[in-house]
Amino acid sequence: MLTQTTSRVLEPSDLDAALAVLDREPVTNAFVTSRVQVAGLDPWRLGGEMWGWYEDGMLTSLCYAGANLVPICATPRAVRAFADRARRAGRRCSSIVGPAEATAQLWRLLEPSWGPAREVRAHQPLMVADRMPTDIAADPYVRRIRKDEIDTIMPACVAMFTEEVGVSPLAGDGGLLYQARVAELVGAGRSFARLDEYGKVVFKAEIGAATPKACQIQGVWVAPEYRGMGVAAPAMAAVLRYALADVSPMVSLYVNDFNTPARRAYLRVGFQEVGAFMSILF
């Protein structure tokens, strides 16, 4: 047993202890929890390492180190230890993302060696909903995307990602990993859209992370020609209905603070702000 403050890479045998930490904040940690519940802590299956911080022999904080670097329930001392480990390993991630306070501290420690970042989004409101709105009807035309409609939804997914992140998901490997992720969500029944009479995507969103306690909506996008026409709120209400009925009792999302139209739509649907994330993009 570890009897001092220390950090190390967790092993598959540490799964129960890691899940206990993740369960302390099920909404905030939904993204990482969903991956760990499916893949465990084996780095190859998980897509990265899970670092643990121990105090008096107890696992108290985590950091997921994969395509994203994500501090989890991280105390200031844990963040310093994770920053040291990340600095020694060198940057392998495309972003740092997580609860704003811990992520900001982590970035302050890593910026001298990892910077500059391509973009820093310092305040991204974390919002949750656990019931359907009473004053807005769900769009009846929003539905699950079928497996044979991947070619229909893919251009909208690429447009959303490029607009949101600032780079195309087709760069690098030609989009193989991104297309596989889209196909995975479609296959799991967690990709939703409204199509117009010509079969073009008007609105789309996915339930990206899903656990028994909480899930996270991501990739919300309205086609440019339909923006400002009141599409988003009823469509989001439809996705919320699916999420509450089929996935989890608590539904979350996080949004850029400068995206006023999206924040307004989420508030209309009943999402309430409960915290904030921060993202550093490379």
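This report looks at the nonpolar cores of a predicted model and at one pair of helices.

## Ground rules

Residues are numbered from 1 along each chain as its sequence is written. In this predicted model, local features need pLDDT of at least 70, side-chain atom pairs count only at pLDDT 80 or more, totals for chains, interfaces and linings use all residues, and side-chain values use heavy atoms, without hydrogens or water.

## The largest core

A nonpolar core is a set of buried Ala, Val, Leu, Ile, Met, Phe, Trp, Tyr and Cys residues joined through side-chain atoms within 4.5 Å. Buried means under 20% relative accessible area, exposed over 50%, and partly exposed in between (1.4 Å probe, protein chains only). The largest core has 31 residues. Phe203, Ile217, Met236, Leu253, Tyr266 and Phe271 touch the most other members. Elements giving two or more residues include strand S9 (201-210), helix H9 (232-246) and helix H10 (260-269). Helices (H or I, at least four residues) and strands (E, at least two) are DSSP runs, numbered from the N terminus. H9 gives the largest share, nine residues.

A second, separate core has 25 residues, among them Trp107 and Trp114.

## H9 against H10

The axes of H9 and H10 come within 9 Å and cross at roughly 55°. Axes are lines fitted to C-alpha atoms, for helices over the stretch in contact, and angles run from 0 to 180 degrees between N-to-C directions. H9 is therefore oblique to H10. Oblique covers what is left after roughly parallel (under 35 degrees), roughly antiparallel (over 145) and roughly perpendicular (65 to 115).

Contact means heavy atoms within 4.5 Å. On H9, Ala232, Ala233, Met236, Ala237 and Leu240 meet Ala265, Tyr266, Arg268 and Val269 of H10.
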